[in-house]
Amino acid sequence: MVDVPTKMQYVKFGNTGLKVSRLCLGCMGFGDPKWFNWLIEEKESIEVIGEVYKRGINFFDTANCYSNGKSEIILGKAIKQFNMPRGRIVVATKAAIAVHDDMSFNPAPRDDPNFVNRFGASRKHLFDAVDESLKRLDLDYIDLYQIHRFSDDVPLEETMRALHDIVQSGKVRYIGASAIPAWKFQKANQIAEKNGWTKFVSMQNLYNLIYREEEREMMPYCEDSGVAVIPFSPLAGGILARKPDVKTSRSDHANRIKSVYVKTREEKDVDIIVDQVVAIAEKRGVTPAQVTLAWELSKPYVTAPIVGITKIKHLDDLIGGLDLELTKEEIEALEKNYYPRPPMPFGF
Ligand SMILES: NC(=O)c1ccc[n+]([C@@H]2O[C@H](COP(=O)([O-])OP(=O)(O)OC[C@H]3O[C@@H](n4cnc5c(N)ncnc54)[C@H](OP(=O)(O)O)[C@@H]3O)[C@@H](O)[C@H]2O)c1
């Protein structure tokens, strides 16, 4: 079912033979508002996923921990409800962060004896987690299985061997990683190569106009080695999609995340970049979100940004801007006010 004319483009997923839509739908916004208050619930979420699919997006990113499993359940139901051919869609999920019974958001409970072995990148946990995700998604296999965060106390050899065995079992087609320092990501792939195990084919990292630290090491490594790059929060949770003073259901939360991930000297260090986005949007007669996305897509190493969509008007806006090309001068103007930030925290 793809019955709406779409401007969607499909691209090769790094060095693999897989094809994904140029935009990936992030499914963190679907689930239970007790997890984060801006989330939309099941019925509305399924409707949004259906509209997204109709417009040509075939690539979906979720995680076992999003709304403590609810996001995976919703995605699985939408796939069934809209009869999405399994061979056409690419389903990505992640593991390593704990899935709680209590819906309220909690960081990984490192010291809680009830959670021993129930999170992290150990062989034991990954084997359990993949089965639980398959059950929630109600699918026979996952296309892209990603390590959400690595565990400092689990040898990389153990994680890579476990992921290889999961691929061999037929439960997963490709593996990827998220939010890890470049040296460790490269080392993990070296370990896999040395042992003839499955290598990571993708990197899901925070990358947008207000957090560009990945341009130092990770992006050059991925470009050089043919690893697909699927940045998360390309609009910085909405901060780069509107004027700084506009309030939305998510803006307070987005600002809190900004202070965790994007540590600036002063608040105005972000606003000055947002002001440039807005100025270019006004000059070109497009929206700020379209300008931000066009900047991200101008980078040759970016395969498919993972956008957060909970409103159809946002979806149409982003798809409508897919052809927008920025000039060299506009890109320079967007980038010139950035200065280095401390790296985002990679662990939990
Ligand atoms: N691997 C990781 O650690 C990690 C971490 C975070 C996210 N992710 C993944 O990345 C996905 C996307 O993350 P994200 O939601 O932070 O991405 P994002 O695309 O940067 O932000 C999405 C937010 O931007 C606003 N927005 C979207 N389109 C817009 C438009 N056209 N015009 C105006 N505003 C627009 C909306 O906020 P308002 O509703 O406030 O307008 C929306 O909630 C998640 O769903 C998840 O799959 C992964």
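Is glycine 176 buried or exposed, and how many other C-beta atoms lie within 10 Å?

Guide: Happy to. Please keep in mind that this is a predicted model. Glycine 176 is buried, because 23 other C-beta atoms lie within 10 Å and 20 or more are enough to count as buried.

Let us start with its setting. Glycine 176 belongs to strand 7, which covers residues 172-178. Six of the seven residues of this strand are buried, so the rest of the structure largely encloses it. Setting aside residues up to four places away in sequence, glycine 176 touches Leu144 and Gln146, and also Phe200, Val201, Ser202, Met203 and Gln204. One of these, glutamine 204, is 28 residues away in sequence, yet the C-alpha to C-alpha distance to glycine 176 is 7.6 Å.

Those contacts lead us to the strands that pair with strand 7. Strand 6 (residues 142-147) pairs with strand 7 in the parallel sense, over five bridges. Within that pairing, tyrosine 145 stands opposite isoleucine 175 of strand 7. To get from strand 6 to strand 7, the chain passes through helix 4 (residues 156-168), and this β-α-β crossover is right-handed.

Strand 8 (residues 200-204) also runs parallel to strand 7, joined to it by four bridges. Here glycine 176 itself stands opposite serine 202, while alanine 177 stands opposite methionine 203.

After helix 4 comes glycine 170, with a positive phi near 90°.

Strand 8 and strand 9 pair in the parallel sense over two bridges, and serine 202, the residue opposite glycine 176, has alanine 228 as its bridge partner in strand 9. Strand 8, helix 6 (residues 218-225) and strand 9 make up a right-handed β-α-β unit.

Stepping back, the whole sheet is open and has eight strands in the order 9-8-7-6-5-4-3-10, with parallel pairing. Strand 9 (228-229) and strand 10 (306-308) stand at its edges with a single partner strand each, so one side of each has no neighbour in the sheet.

At the strand 10 end, strand 3 (residues 24-26) pairs with strand 10 in the parallel sense over three bridges, and leucine 25 stands opposite valine 307. Leucine 25 is also worth a look for its packing: in the largest nonpolar core, which has 105 residues, Leu25, Ile210, Val229, Leu240 and Val277 touch the most other members. Leaving aside neighbours within four places in sequence, leucine 25 is in contact with Val52, Ile57, Phe59, Phe60, Asp61, Val307 and Ile309.

Most residues other than glycine have a negative phi. Serine 67, however, has a positive phi near 45°. This serine sits in the loop between strand 4 (59-61) and helix 2 (70-81), and it counts as buried because it has 29 C-beta neighbours inside 10 Å. Serine 233 is not a glycine either, and its phi is positive at about 50°. Its place is in the loop between strand 9 and helix 7 (251-261). With 26 C-beta neighbours inside 10 Å, serine 233 counts as buried.

Conventions:
Residues are numbered from 1 along each chain as its sequence is written. This is a predicted model: local features need pLDDT of at least 70, side-chain atom pairs count only at pLDDT 80 or more; totals for chains, interfaces and linings use all residues. A residue is buried if 20 or more other C-beta atoms lie within 10 Å of its own, exposed if 12 or fewer, and partly exposed in between; C-beta atoms are placed from the backbone. Two strands pair if DSSP finds at least two bridges between them. A crossover is right-handed if, with the strands pointing away from the viewer, the path from the first strand over the helix to the second runs clockwise. Two residues are in contact if their C-beta atoms, placed from the backbone, lie within 7 Å. A nonpolar core is a set of buried Ala, Val, Leu, Ile, Met, Phe, Trp, Tyr and Cys residues joined through C-beta atoms within 7 Å.
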